[in-house]
Amino acid sequence: MSSPRLEKITTDNVLAACAIAVRPDQEGLVAPVARSLAEAYVQPDVAWPRLIVDGDSRVGFLMAFFDIRWRDDDPTDVRSGLWRLNIAAGQQGRGYGRFAVDALAAEVRRRGGSRLFTTWVPGDHGPERFYRRLGFRLTGETSGDQVVGELEL
């Protein structure tokens, strides 16, 4: 890993972003990049999609959300966090996921936030160990079939 960076999704890199694929055993755990970009397109005021690039290689994709109302019954519960993280199958285990979460944490702090949220599918093959190693703690909440994690910044 040289010096990874986040890039905006543009007409020049959108196809490369859509080509990023996780390992086959992870496909049921995270949506494909194309679906994430479709969701970002219809929610441009919420979604923050970025390509993870190292040198000339596109190694992953992340999509964040900022300042969304988390629960309909509590207008004061406003959160920012990691919506999707897809690291290409051949690039996993090289620190790109950690880089992406750290870069997003810096962006949340830059925007005045002090907590970063994410959700994941629980289970043996899920990303829970990864998120826990980064300092996320379970909140005790669920979002659909996923658990909610929180990282104090």
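Predicted model: local features only at pLDDT ≥ 70, side-chain atom pairs only at ≥ 80, totals over all residues.
1. Within β5, Phe117 is the bridge partner of Gly81.

2. As to conventions, local features need pLDDT of at least 70 and side-chain atom pairs count only at pLDDT 80 or more, while totals for chains, interfaces and linings use all residues. Residues are numbered from 1 along each chain as its sequence is written, and side-chain values use heavy atoms, with hydrogens and water left out.

3. The open sheet has seven strands in the order β1-β2-β3-β4-β5-β7-β6, with mixed pairing. Because β1 (5-8) and β6 (137-143) stand at the edges with a single partner strand each, one side of each is left without a neighbour in the sheet. On average, neighbouring strands of this sheet are turned by 35° against each other, direction ignored; axes here are lines fitted to C-alpha atoms, for helices over the stretch in contact, and angles run from 0 to 180 degrees between N-to-C directions.

4. The strands β3 and β4 run antiparallel and are joined by nine bridges, forming a hairpin with two residues between them. Gly81 in β4 is the bridge partner of Phe65. Elsewhere, four bridges join β6 to the antiparallel strand β7 (residues 146-152), and Arg137 stands opposite Glu150 in β7.

5. Helix α2 (residues 33-42) packs on the sheet, touching β2 (47-54), β3 (57-71) and β4 (74-87), and its direction makes about 40° with that of β3; contact means heavy atoms within 4.5 Å. Helix α3 (residues 96-110) also packs on the sheet, where it touches β1, β2, β3, β4 and β5 (115-120), with its direction at about 150° to that of β4.

6. The structure holds six aromatic pairs, a pair being rings of Phe, Tyr and Trp (its six-membered ring) with centres within 6.5 Å, called stacked when the planes are under 30 degrees apart, edge-to-face when over 60 and tilted for the rest. The rings of Trp48 and Phe66 have centres 5.5 Å apart and planes at 75°, so this pair is edge-to-face. Since Trp48 lies in β2 and Phe66 in β3, the pair ties together parts that are 18 residues apart in sequence. Trp48 is buried at a relative accessible area of 13%, and Phe66 is buried at 9% (buried means under 20%, exposed over 50%, partly exposed in between, with a 1.4 Å probe and protein chains only).

7. Arg111 lies over the face of Phe66, at 3.7 Å from the ring centre, and Arg79 lies over the face of Phe117 at 4.3 Å; the criterion is NZ of Lys or CZ of Arg within 6 Å of the ring centre and within 35 degrees of the ring normal.

How values were computed:
Pairing = 2+ DSSP bridges.
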